[in-house]
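User: Let's go through this one together. I'll ask, you answer.
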Amino acid sequence: MMRFVVSMLAFLALCSAPPARAELDVARLKAAIGAAIETDYPRLDAIYKDIHAHPELAFQEVKTAAKLAAEMRALGFEVTEQVGRTGLVAMYRNGAGPTVMVRTELDALPMEEKTGLPYASRDKTTWQGRETFVAHSCGHDIHMASWLGTAKTLVSLKDQWHGTLMFIAQPAEEIGAGAMAMLGDGLFTRFPKPDFAFGLHDGPFPYGHINYRVGVGSSNSDSLAIKFHGRGGHGAAPQQTIDPVLIAARFIVDVQTVISREKDPIEFGVVSIGAIHGGTAENIIPDEVVVRGTIRSFKPEVRTKMAAGIERTAKAVAAMSDAPPPDISITEGAKAVMNDPALVATAEKALKAAFGDKFRTSPPVTASEDFSEFANSGVPSMFFHIGVYEPERVAAALNGTAPPLPPNHSPLFAPVPKPTIQTGVEAMTLAVLSAFDQRAPGQ
Ligand SMILES: [Zn+2]
Ligand SMILES: [Zn+2]
C-alpha cells in the first residue's frame, strides 16, 4: 500500500510538473557579473566622482544627462534626450521578449556638502532666485553609476536574455515632479510601455546589503493648508469677535481624532501640523489664522479617509464658533511605492541565492518617492534599497560606541563608492535577468 502511494505521488508529481523552463544559474551569473564590474569599475568610479563633484538641481540636469547619454550611446543604446525636460530614455533591443525598465534619478540637492572628500562638490547655482551650493547628498550619483554599470553588464550578457532594455534617467525626483514630467511627455506612448520596472535607492546601512519589501514601500505624502476666517476685534471684548485662534487650536487638537478614532489603528497614517500663522499682538483677536501640515499614509483608502476627516473637522470647528467656512486645500504629493508581489517573488529567488541573508525585508519607509508614478501607470514594479557604509562603522554606531552615521540629505552623507556601486550593479542586473526569465519568449 505504502509503495503504491509513493509511486502514485511520484506519478502525480510528474503530471503536475510545469513545463521545463530554464532556471537562472545565479551562482554562475553572479560570478560573471562580478568579473564584468571589476573590469568596468575604473570607468564607473571616474564617472561617479565627476558627477558627484558637479551636481545639478531639479530640471537643470543638462550636463549630467549629456554625460549619461554619451555613455549609453557608446554601449549601443538608442538614446532620446529631453524627455520630460531634462530626462532621457535609452533603448536596447535584443530580440523578442518583455521590455524591462530601469530608472535612475539625475538631480541633486540645494545644500552645501561638508564631507571633505577629495571629490566633494563646491559647485553653486541659482535656485528659487537665490545662489546656493549643490550636493549629491541623496546619493543619486550612486544610482547613476549603478545604472550605467547595469546597462553595460546586461549588454555583455545579452546571450542570457531576450527582449528590450528601457533605461530611463529621470529629472527632478527631489521635488517630486520628474516622473510626472516624463510620463506627461509620452514616456509610455512614444516609447513602449514596459512590462516591468525597477529602481533602487541608497541608504545609511552596510554596503553589500539590500533591503526590499513586498507591497507598500514608502508613504503617500500630501500637504494641507487651511485658512480659518473669524471676525477681528479687541482681546478684552471677545463677545464682539469670532476668534480664529481658538478655532485653529480646536482643529489642531480635534484633527488627531481622525487618526485615533476614524482610521483603523492597524493602518499607518499621520497628520502633523508644522506651521500656524495668525495674529500680531496680545490684545488683538485676528480675523484669520492659517494652519499648514503634512499627511502621510500607505494605503489609498486610508489617505481618502484622512482627507475627508480633516476637511470635516475643519468645517465643524468653524461652524461651532459660527465662523464662515474655512478655505481648505489638500494637495497631493508623491504617492506610495507599491512593489508588485509577483515581480518581487521572482527577483527574490535570484537575489536571495546571490546575497543570502544580506538580502532582507525591511519595514516601509515613511519618506516618499515619485518612482510610484510608474507603478501607478500600471507597470508591475520593484524598488529596493542598497547600503553605503562600512559594516563595522554601522555596527559601532548601532551599539553606541561610535556616533550615528549621516543619513541621506545630511551634508556629511558619504557613501563608500566601490562596494556600494558594485552591489547596485549586481543586484539590479540579477533583478532584470530574473524578470526576463519570468517571461521568456514563447511562454
Ligand atoms: Zn532625497
Ligand atoms: Zn533620493
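User: What do S1 and S2 form, and how many residues are between them?
Analyst: S1 and S2 form a hairpin with three residues between them. In the turn, Gly84 has a positive phi of about 70°. Strands here are DSSP runs of E, at least two residues; helices are runs of H or I, at least four; both are numbered from the N terminus. This is a predicted model: local features need pLDDT of at least 70, side-chain atom pairs count only at pLDDT 80 or more, and totals for chains, interfaces and linings use all residues. Residues are numbered from 1 along each chain as its sequence is written, chains are lettered from A and ligands numbered from 1 in the order in which they are written, and side-chain values use heavy atoms, with hydrogens and water left out.

User: How many bridges do S1 and S2 pair over?
Analyst: Five, in the antiparallel sense; S1 covers residues 78-83. Two strands pair if DSSP finds at least two bridges between them. Thr80 stands opposite Val89 in S2.

User: And what stands opposite Val89 in S6?
Analyst: Ile168. S2 and S6 (residues 163-170) are antiparallel too, over seven bridges.

User: Why is S2 largely enclosed?
Analyst: Seven of its eight residues (87-94) are buried, so the rest of the structure largely encloses S2. Buried means under 20% relative accessible area, exposed over 50%, partly exposed in between (1.4 Å probe, protein chains only).

User: Switching to metal. Which protein donors does the zinc ion (ligand 2) have?
Analyst: Cys138 (SG), His140 (NE2) and His201 (NE2), lying 2.1 to 2.4 Å from the zinc ion (ligand 2). Donors are N, O and S atoms within 2.8 Å of the metal (3.2 Å for Na, K and Ca); water is not among the atoms, so sites may look incomplete. The spacing along the chain is C-x1-H-x60-H.

User: How far apart are the zinc ion (ligand 2) and the zinc ion (ligand 1)?
Analyst: 3.1 Å, and Cys138 coordinates both. Cys138 lies in the loop between S5 (130-133) and H4 (140-156), and His201 in S7 (residues 196-206), so the pair ties together parts 63 residues apart in sequence.

User: Are Cys138 and His201 buried or exposed?
Analyst: Both are buried.

User: Now the other sheet. What is the strand order in the open sheet of four strands?
Analyst: S12-S14-S10-S15, with antiparallel pairing. S12 (269-278) and S15 (327-332) are the edge strands, each pairing on one side only.

User: What is the bridge partner of Asp222 in S15?
Analyst: Glu332. S10 (residues 220-229) and S15 pair over six bridges, in the antiparallel sense.
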